[in-house]
Amino acid sequence: MSLWPNLPFHPEETLLSYADRLSVFHTGRGAERLLKDLGINTEHFTAGREEAVVAFTRAVEIPLKDAQQSSIRVFSRGASFRDENISKSFLSPRAARYCPYCLVEDGPRSDHRFRLIWGFRHVVRCDRHSCRLVVAPHVDEINLRLALGAAPLGEAEAVETEAPEYLSWLRTRLDGLNCSSSWMDDQSLEQVLAASEMLGGILQHGHKVAPSKLTSAETEEATDIGFSIYSEGPEAIEEALDTIRYTSPAKAVQAGPLAYYGQLFDWLDRRSNAIDPGPIRDLLRDHIVKHSAIEPGTKVLGLEITERRYHTLHSLSETVGIARPRLSRLLKKLGEIPAGASEVECGNMVFEAEKTVPLVRAVKTA
């Protein structure tokens, strides 16, 4: 069965939005009616199942690839978008927010299109009209017609600040026009934006920041700050991790990574198991090992550390067989510890194993 006449499909709108517009055009009712007439299971289509999407594209004669690019596959505990595993909160198929100016440009209500980019949690403004997205009256609906109901379009709040760089990057990726050579090319959308949000959130709001409790404007600002760092690559990220560690309230040498890196470590250690967070996890692990006296055999962010990189005064004392008070005096003479350092300050210092152990042993056996 083929459907005729047809409506043009816009790649920037969701497949659910198109199906509802097409159904209203042909039946005067919502997408459920058209899907039923086409013999397609409504729940399967709404969840983005492959067989339902394929059957729909054949019936309405639109390219399968275009439909797949605009469809979100929803599972019981997660989701998938363009073959990338994502969390449900990252990209929602529900028409919860919209830009009134875009809808006015669409024309009559029957022509209103729900843009795919509006479903991303990190998108809180329309970059084309410089305004905040408006929350729909009925946020749980899967298409814009039901989400708006009979309510008039809301008034959008103008945004004076320049659109974040990550919005331009996201739109470019969605349009399939990414021709630049960047280290982010092989990373998923969520890996880039989630890592950017966490980096920016901690730098802006401190180690105990709760990203879920930030306002939409604060989320945008944090993601923008983090993206400006993350997009520059591993070296820039390492510098940001230096800043995060240096500004931590933790000063004791026995303080763990959670104290030094705050919610960034907590996210990568406990809350990102379902979705691969990408290279940020390896970068943080390397940073921890470079700056902390990690015991061999200790697991850090899922991997066991087999080689010691740094010693505390206590572990160095045990390794070289010199009592701690005497070792402290020796290290001061060697210039490894400042001459005026107190006992507490000495205890909070770390020493590079590869350099310090041979040095102390050489002096001991001289």
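# A tour from buried arginines to a charged surface

Start by selecting arginine 21, which counts as buried, since its relative accessibility is 7% and buried means under 20%. Keep in mind throughout that this is a predicted model.

**Stop 1**

**Stop 2: serine 23.** Now select serine 23, which lies in helix α1. Is serine 23 buried or exposed? Its relative accessibility is 0%, so serine 23 counts as buried. Show leucine 35 too and draw a line between the two C-alpha atoms: the line covers 8.2 Å, while the sequence separation is 12 residues.

**Stop 3: arginine 115 and glutamate 12.** A search of the whole structure finds 18 salt bridges. One of them joins arginine 115 to glutamate 12, with 3.3 Å between the closest N and O atoms. Arginine 115 sits in the loop between α6 (100–106) and β5 (125–126), and glutamate 12 in the segment before α1 (15–27), so this pair ties together parts that are 103 residues apart in sequence. The two partners fall in separate classes of cover. Arginine 115 has 8% relative accessibility and counts as buried, whereas glutamate 12, at 26%, counts as partly exposed.

**Stop 4: arginine 132 and glutamate 220.** Which residue does the side chain of arginine 132 meet in a salt bridge? The partner is glutamate 220, at 3.3 Å from N to O. This pair links distant parts of the chain, with arginine 132 in strand β6 (residues 131–132) and glutamate 220 in helix α10, 88 residues apart. Both arginine 132 and glutamate 220 are buried. Before moving on, select Glu12, Asp106, Arg113, Arg115 and Arg128 together: salt bridges with shared partners join these residues into one network.

**Stop 5: alanine 163.** Alanine 163 is found in the loop between α7 (144–148) and α8 (165–174). With 36% relative accessibility, alanine 163 counts as partly exposed.

Stop 6: Select residues 189–205, which make up helix α9. This helix has 17 residues and reaches 23 Å from its first C-alpha to its last, close to the 24 Å expected at 1.5 Å a residue. How many of the 17 residues of α9 are buried? The count is 14, and the helix is mostly covered. Just after α9 comes glycine 206, with a positive phi of about 100°.

Then go to helix α14, residues 280–291. Its 12 residues should span 16 Å at 1.5 Å a residue, and the end C-alpha atoms are 17 Å apart, which agrees. The buried residues in α14 are Ile280, Arg281, Leu284, Arg285, His287, Ile288 and Val289.

**Stop 7: two positive phi angles.** Most residues other than glycine have a negative phi. Select arginine 82, where phi is positive, near 50°, although the residue is not glycine. Arginine 82 is in the loop between β2 (79–81) and β3 (84–86). At 22% relative accessibility, arginine 82 counts as partly exposed.

Next, select leucine 301, which is not a glycine either and has a positive phi of about 50°. Where is leucine 301 placed? Leucine 301 lies in the loop between β8 (299–300) and β9 (303–304). Leucine 301 is buried, with a relative accessible area of 6%.

**Stop 8: the negative patch.** Finish on the surface. Select Glu165, Glu232, Glu235, Glu239 and Asp242, which gather in a patch of negative charge there. Which helix gives the most residues to the negative patch? That is helix α11 (residues 234–246), with three. Glutamate 232 is in the loop between α10 (216–230) and α11. The relative accessible area of glutamate 232 is 62%, so this residue is exposed, the cut-off for exposed being over 50%.

Notes
Residues are numbered from 1 along each chain as its sequence is written. This is a predicted model: local features need pLDDT of at least 70, side-chain atom pairs count only at pLDDT 80 or more; totals for chains, interfaces and linings use all residues. Side-chain values use heavy atoms; hydrogens and water are left out. Helices (H or I, at least four residues) and strands (E, at least two) are DSSP runs, numbered from the N terminus. The expected span of a helix is 1.5 Å times one less than its number of residues. Buried means under 20% relative accessible area, exposed over 50%, partly exposed in between (1.4 Å probe, protein chains only). Patches are made of residues with over 30% relative accessible area and no salt bridge: like charges are joined within 9 Å, nonpolar side chains (Val, Leu, Ile, Met, Phe, Trp, Tyr) within 5 Å. Accessible areas come from the Shrake-Rupley method with a 1.4 Å probe; for residues, only the protein chains shown count as cover. A salt bridge is a side-chain nitrogen of Lys or Arg within 4 Å of a carboxyl oxygen of Asp or Glu. Lys and Arg count as positive and Asp and Glu as negative; His and the chain ends are not counted. The place of a charge is taken as NZ of Lys, CZ of Arg, CG of Asp or CD of Glu.
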